Amino acid sequence: MVTAQKKKRMLIRRYMSIPALIDTLQREKLAILNPASWDDRNDRLFMQVYKSHKKAGGLYGLCAALSGETYHHWRIFAGGASGACLVLKRQRVEAYLDSHDLEPGTSIRYGEVKYLTLDNVKKLSPKDIENIPFLKRYGFKDEDEYRIVIETVSDQQNAIFIDCPHEWIDTVYLNPWLYDNQAQSLLSTLREIPGCKHLKIRRSELTDSTTWREAAERIAGKPHSPAMTLQKAGRPKAIVKPTRKYAAPKAQKSKAPKPSRRRLATRTS
């Protein structure tokens, strides 16, 4: 029986803070972080075991997502209202990683994370040591994670940087909790960075969808309301008086005069 192969997804979503985004766009460098700062202690433990096994001076990992945006991604990976999402073209990133000239003692690996139930975790053995940077507990499956792992001979630092030219970027999303005017101001600031004028940058509508809002107004029978400004807020609503319809006066019908009733006098003879 031939099983259908899973289609390779071609976009990588890297969630980060807005300052990290600005730094990435400004310097065209992407930070690969020390996994000791990761939130999941299971992850940190596996990475430490792997580092010790490889006798690496430094170990770094980038965590990204292959699925579309979710509330979990924005809240956990991007830090909510202070975050952004850099959507990268996977083929460009991997071609660079494959062709990059490495220093002696440095290695780069990348791939999709595999999620294990606890029953499968119990079956892990020393022969799985090379795979553990790409293993994670099943409860995190919805993250749909993609990783880049770099080992170095040099001592551990907070981060190591790889190239990230603007040509690799598919879209930049700003977090959905920004107000429209904040998003527009930030968008204008990002476009002023050299090489970013024509980048596709937009605010995520995950929690404030225009389509959803228009549907609500349509269901309620209300017209679409534009964004409120301070100037508009101080203006009283115009009172529209109902217009009276002019009706032509009805022509009066002429009444025929009633015959006068005269009492006839009776003559007496």
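User: How many aromatic pairs does the structure hold?
Analyst: Three. Rings of Phe, Tyr and Trp (its six-membered ring) pair if their centres lie within 6.5 Å; planes under 30 degrees apart are stacked, over 60 edge-to-face, the rest tilted. This is a predicted model: local features need pLDDT of at least 70, side-chain atom pairs count only at pLDDT 80 or more, and totals for chains, interfaces and linings use all residues. Residues are numbered from 1 along each chain as its sequence is written, and side-chain values use heavy atoms, leaving out hydrogens and water.
User: Which kind of pair do Y15 and W74 form?
Analyst: Edge-to-face, with 85° between the planes and 5.2 Å centre to centre. Y15 is in strand β1 (residues 11-17) and W74 in helix α3 (residues 71-77), so the pair ties together parts 59 residues apart in sequence. Helices (H or I, at least four residues) and strands (E, at least two) are DSSP runs, numbered from the N terminus.
User: Is Y15 buried or exposed?
Analyst: Buried, at 4% relative accessible area. W74 is buried too, at 0%. Buried means under 20%, exposed over 50%, partly exposed in between (1.4 Å probe, protein chains only).
User: And what do Y96 and W168 form?
Analyst: A tilted pair, 5.1 Å centre to centre with 55° between the planes. Both residues are buried.
User: New topic. Where does the charged end of R75 sit?
Analyst: Over the ring of W177, 4.2 Å from its centre. That label needs NZ of Lys or CZ of Arg within 6 Å of the ring centre and within 35 degrees of the ring normal. K136 lies over the face of F140, 4.7 Å from the ring centre.
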